[in-house]
2 protein chains.
Amino acid sequence: MAYSKEYMMRAIETALHNVDNGGGPFGAVVVKDGEVISECGNRVTASNDPTAHAEVLAIREAARKLGKYDLSDCEIYASCEPCPMCLGAIYWAHIGVVYYAGCSDDAKNAGFDDSFIYKELKLEPKYRSVKMLQADSQEGLRVFKKWLDKDDRVEY
Amino acid sequence: MAYSKEYMMRAIETALHNVDNGGGPFGAVVVKDGEVISECGNRVTASNDPTAHAEVLAIREAARKLGKYDLSDCEIYASCEPCPMCLGAIYWAHIGVVYYAGCSDDAKNAGFDDSFIYKELKLEPKYRSVKMLQADSQEGLRVFKKWLDKDDRVEY
């Protein structure tokens, strides 16, 4: 579907309302076939959940309402450009279109800098600021062997 | 804290158990001061939630149990190398250490390819396979203005 200002304004209004209600300045709306399925604000500090970004919450709620984890028939409108975690969630949900109003630099100017995370993800694990260490790799393979041996596994 | 095989085996056992219970072949454990705070398996297909990766669930549960969104005093053990969404969640939770058993290639061989998402995140938005379009950027700025004008905002 083509861009609709109506849905973007829903995402913006959700974000504004969220700021009034103890949340962060971000909102997201998931739309399917011209219908708003979910609209959520950032609740990280409000719910003590570091993953509670607006896009993640809107994707989770849309998936719950639609009863499926594949949202390839949906689009997402976000008040601001998604961070790497949210963009990862968008890929896993197979959402093909993201409309956003504010950009990453606008978020940075308001104190939310995700450019650091984008830079980190581009690095090899050993060069990241988070310490990443592989250990007991053979034990890790046991899990995948069990998975591949399972006849009724649900692939996605 | 130094690597502990005990916690890695908890993550592996969680993953194995999860496969037996309709989940994906991934497990993660969050540890603080030598105590396991949370241990979760991948429930994407089981709960119709595309964000329900083991690490995201373990971070959410640990944050809920500890009553805080900053998990900088925690470490995470994962049965497999985290995907970009989970690594983003790890950064937002300020977890400083990630131990993992299987690597990204092991996951790929089992049908879970996150290298595509890592590659996509390295690209400028306009070059990604997901269509990303900025629109009504001035409306996006209204949200951040409201945020910065708010005296009692909780920054993170």
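How many bridges join strand β1 (residues 24-32) of chain B to strand β3 (residues 74-80) of chain B? The first legend gives the answer, and the others turn to further parts of this predicted model.

**Figure 1. Strands β1 and β3 of chain B form an antiparallel pair.** Five bridges join these two strands of chain B. Within this pair, Val29(B) has Tyr77(B) of β3(B) as its bridge partner. Strands of a sheet pair through backbone hydrogen bonds, and the pairing may be parallel or antiparallel.

**Figure 2. An open sheet of five strands includes strands from chain A and chain B.** The order of the strands is β5(A)-β4(B)-β3(B)-β1(B)-β2(B), and their pairing is mixed. At the edges stand β5 (131-134) of chain A and β2 (35-42) of chain B; each has a single partner strand, so one side of each lacks a neighbour in the sheet. On average, with direction ignored, neighbouring strands of this sheet are turned by 20 degrees against each other.

**Figure 3. Strand β4 of chain B and its surroundings are seen with helices α1 and α3 of chain B.** Helix α1 (residues 5-20) of chain B packs on the sheet and touches β1, β2, β3 and β4 (97-102) of chain B. The direction of helix α1 makes about 145 degrees with that of β1(B). Helix α3 (residues 54-66) of chain B lies across β1, β2 and β3 of chain B, and runs at about 145 degrees to β2(B).

**Figure 4. A strand of chain A pairs with a strand of chain B.** Strand β4 (residues 97-102) of chain A and strand β5 (residues 131-134) of chain B are parallel and share four bridges. Here Tyr99(A) is placed opposite Leu133(B), a residue of β5(B).

**Figure 5. Chain A and chain B meet through 74 residues of each chain.** Helix α7 (residues 137-148) of chain A supplies ten residues, the largest share of the side of chain A that touches chain B. By class, this side of chain A has 46 nonpolar, 13 polar and 15 charged residues.

Notes. Residues numbered from 1 in each chain as written. Chains lettered and ligands numbered in written order. Predicted model: local features only at pLDDT ≥ 70, side-chain atom pairs only at ≥ 80, totals over all residues. Contact = placed C-beta atoms within 7 Å. Nonpolar A, V, L, I, M, F, W, Y, C, P; charged D, E, K, R; others polar. Pairing = 2+ DSSP bridges. Axes fitted to C-alpha atoms, helices over the stretch in contact; angles between N-to-C directions.
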